[in-house]
Amino acid sequence: MALPPESKKVFFENLSGAGKAIAVLTSGGDAQGMNAAVRAVVRMGIYVGAKVYFIREGYQGMVDGGDDNIKEATWESVSSMLQVGGTVIGSARCKEFRSHEGRLKAAHNLVQRGITNLCVIGGDGSLTGANLFREEWSGLLAELLGQGLIDAEAVQMYDALHIVGMVGSIDNDFCGTDMTIGTDSALHRIIEVVDAIMTTAQSHQRTFVLEVMGRHCGYLALVSALACGADWVLIPEMPPEDGWEDKMCQKLSATRSRGTRLNIIIVAEGAIDKHGNPITSSIVKDLVVKCLGFDTRVTILGHVQRGGTPSAFDRILASRMGVEAVLALLETTANTPACVVSLSGNQSVRLPLMECVQMTQEVQKAMDEKKFEEAVKLRGRSFENNLKTYKLLAHNKPSSEIVSTGFNVAVLNVGAPAAGMNAAVRSAVRVGISEGHRMFAVSDGFEGFSKGQIKEIKWSDVGGWTGQGGSLLGTKRTLPAKHADKIAEQIQAHNINALLIIGGFEAFLSLLELLDLRGKYVELCLPMVMVPATVSNNVPGSDLSIGADTALNAITSTCDRIKQSASGTKRRVFIIETMGGYCGYLASVGGLAAGADAAYIFEEPFDIRDLQANVEHLTEKMKTSIQRGLVLRNENSNENYTTDFIYQLYSEEGKGVFDCRKNVLGHMQQGGAPSPFDRNFGTKISAKAMQWISKKLQETYRHGRVFANTEDSCCLLGMRRRALVFQPVLQLKPETDFVHRIPKEQWWLKLRPLMKILAKYKTSYDVSDAGQLEHVVRNLREPRESDGAATVTV
C-alpha cells in the first residue's frame, strides 16, 4: 500500500484487544447503515483478539440480560447484513434504563460477562445515557458488591467502563459531525420520490408540497431542496419573515410565468414561523390553492425515509466509523472521556461526547429562545454553507438589485460525462448572474469552443438541471492546444473574461495547456478555474470528484443484486469489472461498500501468487461459512491478469467448492440520475468556484481590461481532507502521474486494508492517520475574507 514518504507508520498490531470484551448496541430510532457499523465493530474487534457481544434491543436488552439479549458475536453472524437497512440486532427506547435501578441491573449483566467496553450507535439521547452510565459505573459496582451480587475481585477487574459513540440518525441533528449514519440514505429516499413526483407534476402542471422528517432539525429538507432545486423550503432553523405567504406565492407565480410546468415546496415536519407557530404541509397547500388557484397535492414521506438499503456513502462511513470506534476503545484509559467518532470533511475525528451533546442541546435552546441565526451557526459550518448556497440559488434577484460588472464568464464541460455536472453548471450560472456577470454556455467542450458554439445562458435556462444525468451542455475529450488559434478568436469575439471548466483529467490537462499558451495568446490571460467531475476520481488535487458517488452507488446496488441472484443456490463467486482507467478508487471503495473479498487495482501490484492466495482464502471461507463471494477488478489493473484470466483461474481452482460468474459493469457506472451527494457537492463546489472568479476578475481588471498571467490565476478547486482548497495547476504537476493519469498519492489507499480486514485477511492497518481526540469548534464568529474554504459535505 502506497504511503506518503513522511508518513509515520503506526500499525494496530501494537494495540491488542486480547482479554478485552466489547459490546455493541443500537439504540433509539433506526437508521440505514447501522448494520454496516455493527459488522465493522464485530469483525475489527474479533480481528484484534477481543470478545465481541451483541446487545439486542438496545438498552432494554442490557437491562433484561440473558443469553438471548447479550450474545457473543462470531465472524459469520454479521455476514450478509451490510446491504440490509435498519438494525438487525434491534433497537428500543427503554424507560427502565433511565432509572438508577435499571442501570444497576445493566451493570450487573455486563460485569457477569466481563464487558467494560461499550460501542453505542444512536442519537444524542442514547449517547447521553451511555455517558451517565459510565459516570455512575464505580458507584454501581459498589452497590452490586454491597448486595453480594459480585465480589471484590470483579470490582477491581472491571473498575472502569469505556464508551465510544457513533451517531446513527437520519436527521443529521448531532453537532460535531458533518454527517451521521443514515442521513445520506434518507436523502436518497427523498430524492427518489421527488424525481418521480416531478414527472407527474409536469404532466398536470401541479404544485407538490413534500413533508420530510426533521422535527427539530431541517437538514433533510434543506439539502433535498438544494439537491432537487425546490422552489421553496421551510425548516425550523430558518423561520420565514412575516409576510412569507405573499413572497412564496409571488415566487411560485414567477416560476410558472417563465414556462415552468411544476412547483416543488419542501417542508420539514418541525417547520415554524417567527412566532413559533407550526407551518404544516396542509397549511402550505391551502395557501397555494387559495392565493394562486394552482392544482396542489401533498405527499408526506414518513417512515419511507428510514427504510430501504443503505447508500454506498453510509456503508463506507459506518465501516470507517466502526473500525475507528474499536481503535478508540483499544487506546482508551481510565481517564479518557467518552468520545464520539465523527466525520469532518473527508477525515475521521474523535470528539468528547458530552461537548457534542451540550452543543446539540444549545441549538434547541437557541431555537426555543428564537435566536435562529445562532442556532444555524451552532449546527456547524456545513449546515450554514448549505443554507447560504440555497438562498443564493433559489431566488433570482430583481434586475434592479443586480449591479452589472460588465464581465462575461464562460462555462464548459471537458472529458467524459459524469452525473452531477449539470448541477454544477446550474450553480455556476445562477451564482454568476447573481454577482452581476453575463454567463455563457459552451457546447461540446473545447471542440465546440473553437467552432463558436457559445451562447448566453439565463437563470431560467438551467431550471430543473440538478436531477439530470450526463452533460446537457455536451462534453468532449478534445484538448485546447490544437485549436488554440480559434479558441483565442472566440474569446475575443465574445469578450470572455473568465473560464470555468467542469471535467476530469482532460480538464486538468486543458488548464495546463492554456497556461502554457498564455505567452503566445494574450486572450488566454484571464482567470481560469477547474471543478473536478469524473466517475474515476483520478484528478490530482482533490480527494473527491463530482460523479464518483453516483458511480459507487451504481456499483454497490448492482453487486447487491448480483449476489442476491445466487441466493439459495450452490456456492458462487462473482468477478466484477469496474471502470476507472488506471485509478482503483471505484474498485476499492466499491468493494468496501459491497463487502467484496478482494479488489485488484493498478496502484497495488499483484502477481499469480497473490491470486492463488486469494483463491485459497475464498475456498476456505466457502467451505466453512459464506455462500457467495465477490471479487472486483479495476479495468486497467494489470494487462496480463485480465478479467477473463481471473475468472478462468477462480473457476478452475474453485472446482468442487464453488462455481464462478463474471460481469463487466461498463457505462452503467456513468449513467443515471446523480446521487444527492453529487448534486450537492457539484452545487456547492461550483458556487465556490464562481465566487473565486468574481474576486479574481476584480483583482485583475486594470486599464479597461482583464489581464491575469500569474500561476495563481489558473487553479483547480479540490477537496483536501477537511476543506475546499484552490490550488494553482502548475503546483499540482509534481503530484501527478501523467502516464497513468492518476495522482501519485491517493488517500483512499489507506481504506484498502480495512476492506481486507473485514474480509478476514491478515494485514497491517496504518493508524497514523486515525482520529485524535479534538474539541468541538464553535462556529459563532463571522467568517473573514481570508478564511480557508469551508468544508463540503452533503
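The paragraphs below walk through the charges, cysteines and backbone of this predicted model.

Residues are numbered from 1 along each chain as its sequence is written, and side-chain values use heavy atoms, with hydrogens and water left out. Because the model is predicted, local features need pLDDT of at least 70 and side-chain atom pairs count only at pLDDT 80 or more, while totals for chains, interfaces and linings use all residues.

Salt bridges come first. A salt bridge here is a side-chain nitrogen of Lys or Arg within 4 Å of a carboxyl oxygen of Asp or Glu. The whole structure has 34 salt bridges. One of them joins glutamate 76 to lysine 760, with 3.6 Å between the closest N and O atoms. Glutamate 76 sits in the loop between β3 and α3 and lysine 760 in the segment after α24 (752-758), so this pair ties together parts that are 684 residues apart in sequence. Helices (H or I, at least four residues) and strands (E, at least two) are DSSP runs, numbered from the N terminus. Glutamate 76 is partly exposed at 35% relative accessible area, and lysine 760 is partly exposed at 36%. For these words, buried means under 20% relative accessible area, exposed means over 50%, and partly exposed is in between (1.4 Å probe, protein chains only).

Another salt bridge lies within a helix. Arginine 189 and glutamate 192 meet through their side chains at 3.5 Å, N to O. Both belong to helix α6 (residues 183-204), and because they are 3 residues apart there, about one helical turn separates them. Arginine 189 is buried, with a relative accessible area of 11%, whereas glutamate 192 is partly exposed at 45%.

What does glutamate 447 form a salt bridge with? The partner is lysine 476, and the closest N and O atoms are 3.3 Å apart. Glutamate 447 is in helix α15 (residues 445-450) and lysine 476 in strand β15 (residues 475-476), so the pair ties together parts that are 29 residues apart in sequence. Glutamate 447 counts as partly exposed at 22% relative accessibility, and lysine 476 is partly exposed with 32%.

Some charged residues form a patch instead. Arg93, Lys95, Arg98 and Arg215 make up a positive surface patch. Patches are made of residues with over 30% relative accessible area and no salt bridge; like charges are joined within 9 Å, and nonpolar side chains (Val, Leu, Ile, Met, Phe, Trp, Tyr) within 5 Å. Lysine 95, a member of the patch, is placed in the loop between β3 (70-72) and α3 (100-112). Lysine 95 counts as exposed, at 72% relative accessibility.

The cysteines are next. A disulfide is a covalent bond between the sulfur atoms of two cysteines. The cut-off used for a disulfide is a pair of cysteine sulfur atoms within 2.5 Å. How many disulfides does a search of the whole structure find? The search finds 0. For cysteine 217, the closest cysteine sulfur belongs to cysteine 175 and is 8.4 Å away, too far for a bond. Cysteine 291 is likewise in no disulfide, and the nearest cysteine sulfur, in cysteine 249, is 4.1 Å away. Cysteine 217 is buried at 2% relative accessibility, while cysteine 291 is partly exposed with a relative accessible area of 42%.

Two residues have a backbone angle to note. Glutamate 57 has a phi near 60°, a positive value in a residue other than glycine. Glutamate 57 is in the loop between β2 (51-55) and α2 (58-64) and is partly exposed at 34% relative accessibility. Lysine 370, not a glycine either, has a positive phi of about 60°. Lysine 370 is in the loop between α11 (353-368) and α12 (372-379) and counts as partly exposed at 45%.

Finally, two pairs set sequence separation against distance in space. Leucine 132, in helix α4 (residues 124-146), is 222 residues from methionine 354 in sequence and 10.0 Å from it in space, C-alpha to C-alpha. Serine 253, in helix α8 (residues 244-257), is 111 residues along the chain from alanine 142, and their C-alpha atoms are separated by 69 Å. Leucine 132 is partly exposed at 35% relative accessibility, and serine 253 is partly exposed with 33%.

Terms used: Areas by Shrake-Rupley, 256 points an atom, 1.4 Å probe, with all protein chains shown as cover. Lys, Arg positive; Asp, Glu negative; His and termini not counted. Charge placed at Lys NZ, Arg CZ, Asp CG, Glu CD.
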